[in-house]
Amino acid sequence: MRIDVANERPLDPVSQQLNMATTHQPYVCTLSNELQKKAEDELNERSDTRQQHINALREKTKTRPDIKFRTDDAFLLRFLRARKFDVDRAFKNLVRYYDIRQEYPDIFDDLSVEKLKHVWEAGLEGMFPGKDKLGRRVGVFRPGKWDPDICSSKDMFKASILTIEKMLEDEETQINGLVFIGDFADYSMKQAVHSGPSMAKLNMSLLQNAMPLRSKGVHFVNTPTIFDTLMSVWRPFMTEKMKSRMNIHGDDFTTLHQHISSANLPSDYGGTQPEATECTKQWMKELAAWEDGFKAENSKYGIPKKKDTLGGGKVAADPSGGLVGTFKKLDI
């Protein structure tokens, strides 16, 4: 709890946010001239108005005293970039970033690389080394390798959240975005029965509304017949932009290479990188080295949980003057 030293009394939530706003370190741009030009052309980011937009977004956080926002320049900037410097849309994204954590505490609590290592060791998801010719990192998810009897859907989500959070700390990724490969080799009804509307809704909400992520393309490979049935369930939850960035290659890696160079792909996909599972294991090591700092910072913010609020019952008043209701759980 922050204390007003002059009067020796606790600061109210709004004053706490004002205090954070006045003590944050201002953003210092270290981007190359090329990236600054790209940010200006594609994201409406201008060096002469950047700080004004950051300050305007920070000002909006005062309208939601029920949420303890992280308000440093660097953090707010990733939301502005994701929404092309539209402050209202960036604020909506920022609120959703915290709302979804309250709605699905069983997904967002206790994020631990050690507890999720089976996901990366099995090669289910991760990032490949380097960046493509457009400066984008390339990631992979391989649901055909998912054994629901060993790895829960919650663990899959948790692993993906950690991956995205780490990538969002990279300014170049904030501007250039990410591309993903969805490898459906060996995908069958065993996985499909666990990939219904509930999973689709949460996944798309996370990618499209909650995370300040620029997803620049998804490339599906090794797609089985059942893939069309799966997409009929998932498409209703996708935006038109997301649908337009989907590419289906089947088992023809020649067309995949037209979008992503072989130099950025593992040998599994006709590339020159180590095989995909080796890449995901290496990615796990990078996450393990990074996660402590993320947890220490991330745990300071959000919507208070019921155990941290005043009162009791299913709906409790929190110390900020807002309400904390019941929580959703992922039920697939």
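# Aromatic rings, salt bridges and a charged patch

Phe69, Phe75, Phe79, Phe91, Tyr97 and Tyr98 form one aromatic cluster. This is a predicted model: local features need pLDDT of at least 70, side-chain atom pairs count only at pLDDT 80 or more, and totals for chains, interfaces and linings use all residues. Residues are numbered from 1 along each chain as its sequence is written, and side-chain values use heavy atoms, with hydrogens and water left out.

**Aromatic pairs**

- A pair of aromatic rings is described by the distance of the centres and the angle of the planes.
- Rings of Phe, Tyr and Trp (its six-membered ring) pair if their centres lie within 6.5 Å; planes under 30 degrees apart count as stacked, over 60 as edge-to-face and the rest as tilted.
- The whole structure contains 13 aromatic pairs.
- One of them joins phenylalanine 253 and tyrosine 269: the centres are 5.7 Å apart and the planes stand at 85°, so this pair is edge-to-face.
- This pair links distant parts of the chain, 16 residues apart: phenylalanine 253 is in helix 14 (residues 253-257), and tyrosine 269 is in the loop between helix 14 and helix 15 (276-298).
- Helices (H or I, at least four residues) and strands (E, at least two) are DSSP runs, numbered from the N terminus.
- Both phenylalanine 253 and tyrosine 269 are buried.
- Buried means under 20% relative accessible area, exposed over 50%, and partly exposed in between (1.4 Å probe, protein chains only).
- Accessible areas come from the Shrake-Rupley method with a 1.4 Å probe; for residues, only the protein chains shown count as cover.
- Tryptophan 290 and phenylalanine 294 make a stacked pair, because their ring centres are 4.9 Å apart and their planes meet at 20°.
- Both of these residues lie in helix 15, 4 residues apart, about one turn of the helix.
- Tryptophan 290 is buried at 11% relative accessible area, and phenylalanine 294 is buried at 7%.

**Salt bridges**

- Side chains of opposite charge can pair when their charged atoms come close.
- A salt bridge is a side-chain nitrogen of Lys or Arg within 4 Å of a carboxyl oxygen of Asp or Glu.
- The structure holds 28 salt bridges.
- Glutamate 42 and arginine 214 form one of them, at 3.6 Å from N to O.
- Glutamate 42 sits in helix 2 (residues 33-43) and arginine 214 in the loop between helix 11 (197-210) and strand 6 (215-221), so this bridge ties together parts that are 172 residues apart in sequence.
- Glutamate 42 is partly exposed, with a relative accessible area of 33%, whereas arginine 214 is buried at 12%.
- Arginine 81 and glutamate 171 also meet in a salt bridge, at 2.9 Å from N to O.
- Arginine 81 belongs to helix 4 (residues 73-82) and glutamate 171 to helix 9 (residues 171-176), so the pair ties together parts that are 90 residues apart in sequence.
- Arginine 81 is buried, with a relative accessible area of 0%, and glutamate 171 is buried at 18%.
- Lysine 117 and glutamate 114 bridge at 3.2 Å, N to O.
- Both lie in helix 7 (residues 113-121), 3 residues apart, about one turn of the helix.
- Lysine 117 is partly exposed at 34%, while glutamate 114 is exposed at 53%.
- Salt bridges that share partners join Glu45, Arg50, Arg81 and Glu171 into one network.

- Phenylalanine 79 is in helix 4 and is buried, with a relative accessible area of 0%.
- The C-alpha atoms of phenylalanine 79 and proline 212 are 5.2 Å apart, although 133 residues separate them along the chain.
- Lysine 84 is in the loop between helix 4 and helix 5 (87-103).
- Phi of lysine 84 is near 50°, a positive value in a residue other than glycine.
- Phenylalanine 85 lies in the loop between helix 4 and helix 5, and its phi is near 60°, a positive value in a residue other than glycine.
- Lysine 84 is partly exposed at 37%, whereas phenylalanine 85 is buried at 6%.

**A positive patch**

- Lys84, Arg89, Lys92 and Lys241 gather in a patch of positive charge on the surface.
- Patches are made of residues with over 30% relative accessible area and no salt bridge: like charges are joined within 9 Å, nonpolar side chains (Val, Leu, Ile, Met, Phe, Trp, Tyr) within 5 Å.
- Lys and Arg count as positive and Asp and Glu as negative; His and the chain ends are not counted.
- The place of a charge is taken as NZ of Lys, CZ of Arg, CG of Asp or CD of Glu.
- Lysine 241 is in helix 13 (residues 240-244) and is partly exposed at 48%.
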